[in-house]
Amino acid sequence: MNAQPPSTLPDLDRRTFAWFVDKGMQVLMFVGGISAIVFIIGIFVFITREALPFITGTMDFGEFFTSPRWRPTSENNPTYGALALIVGTASVTGLAMLVAVPFSLGAAIYIAEFATGRKREILKVLVEMLAAIPSVVWGFIGLSIMNPLIIETFDVPIGLNIFNAGVILGLMAAPIMTTIAEDALKAVPDTYREAAEAMGATRWQIVWRVVLPAARNGLVAAVLLGVGRGFGETMAVLMASGHAINLPEGIFDSVRALTATIAAELGETVQGSDHYRALFTLGVLLFIVTFVINLTADLVVRGIRKK
Amino acid sequence: MVDATAPTAAAEAKVAVRDLTIRYGDHVALKDVTLDIRENEIFGIIGPANSGKTSFLRALNRMDTFTPGMHVEGEIRFAGHDIRKINNLYALRKRIGVVFPLPVGLPLSVYDNVALSPRLSGVKKRADLDVIVERCLRRAALWDEVKDRLKSLGSLLSGGQQQRLTIARALSQEPDLLLLDEFSIAVDPVTTMRIEDVLKELKEEVTIVLVTNLVQQARRLADRTAFFLTGECVEIAETEAYFDGRVKDTRSSDYVEGRFG
């Protein structure tokens with residue numbers, strides 16, 4: 001018999017522990033990755049299923065999008081006009097962005113480009129702490145501090161309005177936008193700054209001419225994330241907006257937001273009733289709007305990259 | 001020791017460096033370097049890695065303000081001004097063009113890369129910018145390759161093209177002094193030769209400081225060359241002196257002949 005030649009090669013057919021760990025981790029990571037898709041589809045299916053009987057039955061599309069009369073609890077003649085809610089959410093979010101964009105971009109530029117050493121570290125920690133304040137606390141600030149302040153300063157009858165909710169929401173969204181925008185600015189290679197610096201560009205010229213254009217994608221993403229945050233925020237808006245169904249004529253009018261309506265009314269409804277299903281229809285609307293915002297952000301960013 | 005305030009040498013040299021010492025924290029990158037760079041010469045600096053060549057360049061246009069921990073002592077006079085005492089740092093840097101080892105194509109179009117510096121200085125008219133951009137790109141031997149795609153991103157050009165773009169950008173500053181830091185590291189030999197030809201022509205108008213790893217490149221281009229070794233300026237001599245044994249320090253000729261480093 002031929003003796004097996006002594007081999008220095010490892011057994012090529014034996015699967016080692018590391019091989020199994022690798023396979024196992026791949027499966028685990030796959031599950032983690034795929035779960036995001038599963039959840040998003042699951043949520044959409046669930047809220048749509050709850051809303052569908054209303055959408056195909058009682059709902060009048062014309063009324064839903066053009067009428068400000070949201071009277072789901074009327075015994076004789078319930079109406080489901082969501083226009084006031086849509087306008088409420090849009091106006092509050094719009095004002096919030098007017099507040100948040102300059103603040104957050106300014107803060108991000110300062111932290112990323114101008115602040116140094118300890119000052120910068122402290123600022124970063126503070127901004128991150130701001131982002132961690134619960135929304136109900138912001139709502140409380142709107143209710144108990146901003147409310148009397150607005151009444152006194154602007155001499156208006158009620159301080160719970162678009163202005164209050166917009167400012168609160170803007171301050172709430174600013175820290176997270178700052179963090180994302182700062183990441184985008186930090187991702188711009190230092191070689192760009194150095195090259196511009198060597199050309200005799202001032203700090204501001206470097207920021208304006210080189211860093212901001214280079215970070216444009218990330219900055220767009222930061223702003224759109226803030227918009228998404230504004231659309232979805234519930235508690236603070238519920239507390240600060242006045243929660244009145246109303247087509248506003250100015251920023252000192254009270255409004256009601258889509259999210260706040262769902263939060264405030266869902267507990268009071270009978271499961272399966274038109275009112276219940278109408279609230280889920282508002283949920284579908286919110287879902288679609290946020291989806292479109294994110295998709296737009298993605299396409300914008302891709303478009304820029306391709307160019 | 002040379003008297004730091006000695007006016008004689010400073011008056012005639014484009015750049016007069018006196019007792020220049022550069023530290024990063026406790027680490028001394030360059031110590032007691034004294035040398036003059038003359039008007040319209042190509043001044044070569046050779047030496048192995050960590051010899052302080054790049055630190056020297058960074059000190060010349062005050063990039064130390066951009067580098068945390070970098071401390072510069074001694075005196076550098078540029079065109080008669082002590083660059084540590086001037087009020088407008090940006091104006092100084094505008095007169096000094098820099099080309100880095102790895103090309104930095106800013107994420108702007110080819111046109112905007114070259115037009116950036118003029119724009120920073122306030123040139124606004126499109127026609128004026130067009131003239132500057134074309135002239136600088138031509139002088140950097142890049143115009144023919146990019147004239148049809150001035151609007152495309154500068155960072156999409158090849159490495160060699162980007163390096164010439166960087167040179168065009170430096171020229172758009174209309175500098176008095178051009179600092180080149182191992183510009184040919186990421187550039188193919190053919191392009192390197194083209195850039196070297198460009199530099200020989202430029203010498204008529206600007207003073208050039210050329211830091212290079214390639215001894216032969218220094219020999220081809222530099223009128224005089226300094227040899228830096230671990231932070232010390234060992235030798236300053238006519239470049240040819242390194243090759244025919246006229247240098248004072250044996251380490252200099254050893255280095256160019258490849259016996260160490």
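In the predicted model, Arg77(B) stands opposite Asp82(B), a residue of strand S5(B). The two strands involved here are S4 (residues 70-78) and S5 of chain B, which pair in the antiparallel sense over 2 bridges; pairing requires that DSSP finds at least two bridges between two strands. Strands (E, at least two residues) and helices (H or I, at least four) are DSSP runs, numbered from the N terminus. S4(B) and S5(B) belong to an open sheet of 4 strands in chain B, with the order S2-S1-S4-S5 and antiparallel pairing. Its edges are strand S2 (27-37) and strand S5 (81-82) of chain B, each of which pairs on one side only. As a reminder, strands of a sheet pair through backbone hydrogen bonds, either parallel or antiparallel.

Chain B also holds an open sheet of 6 strands, ordered S6-S7-S8-S3-S9-S10, and here the pairing is mixed. Strand S6 (96-99) and strand S10 (232-238) of chain B are the edge strands, each pairing on one side only. On average, neighbouring strands of this sheet are turned by 15° against each other, direction ignored. Within the sheet, strand S9 (residues 224-229) of chain B runs antiparallel to S10(B) and is joined to it by 6 bridges. Ala226(B) has Ile236(B) in S10(B) as its bridge partner.

Turning to the helices of chain B, helix H4 (residues 110-120) and helix H5 (residues 126-139) pack at an angle of about 115°, with their axes 9 Å apart. Axes are lines fitted to C-alpha atoms, for helices over the stretch in contact, and angles run from 0 to 180 degrees between N-to-C directions. H4(B) and H5(B) are therefore roughly perpendicular to each other; angles under 35 degrees count as roughly parallel, over 145 as roughly antiparallel, 65 to 115 as roughly perpendicular and the rest as oblique. Their crossing is right-handed, the near helix being turned clockwise from the far one by less than a right angle. From H4(B), Tyr111(B), Val114(B), Ala115(B) and Pro118(B) meet Leu129(B), Ile132(B), Val133(B), Cys136(B) and Leu137(B) of H5(B). This contact divides into 9 nonpolar, no polar and no charged residues, where Ala, Val, Leu, Ile, Met, Phe, Trp, Tyr, Cys and Pro count as nonpolar, Asp, Glu, Lys and Arg as charged, and the others, Gly among them, as polar.

Between the chains, 15 residues of chain A are in contact with 17 residues of chain B, contact meaning that C-beta atoms, placed from the backbone, lie within 7 Å. Helix H7 (190-198) and helix H8 (203-214) of chain A each supply at least two residues of the side that touches chain B, and H7(A) gives the largest share, 6 residues. By class, this side of chain A has 8 nonpolar, 4 polar and 3 charged residues.

H7(A) and H8(A) also meet each other: their axes come within 10 Å and cross at roughly 155°. That makes H7(A) roughly antiparallel to H8(A), and the crossing is right-handed. Residues of H7(A) in this contact include Tyr192(A) and Ala196(A), and those of H8(A) include Ile206(A) and Val210(A). The contact has 6 nonpolar, no polar and 3 charged residues.

Local features need pLDDT of at least 70 and side-chain atom pairs count only at pLDDT 80 or more, whereas totals for chains, interfaces and linings use all residues. Residues are numbered from 1 along each chain as its sequence is written, with chains lettered from A and ligands numbered from 1 in the order in which they are written.

Conventions
Two residues are in contact if their C-beta atoms, placed from the backbone, lie within 7 Å.
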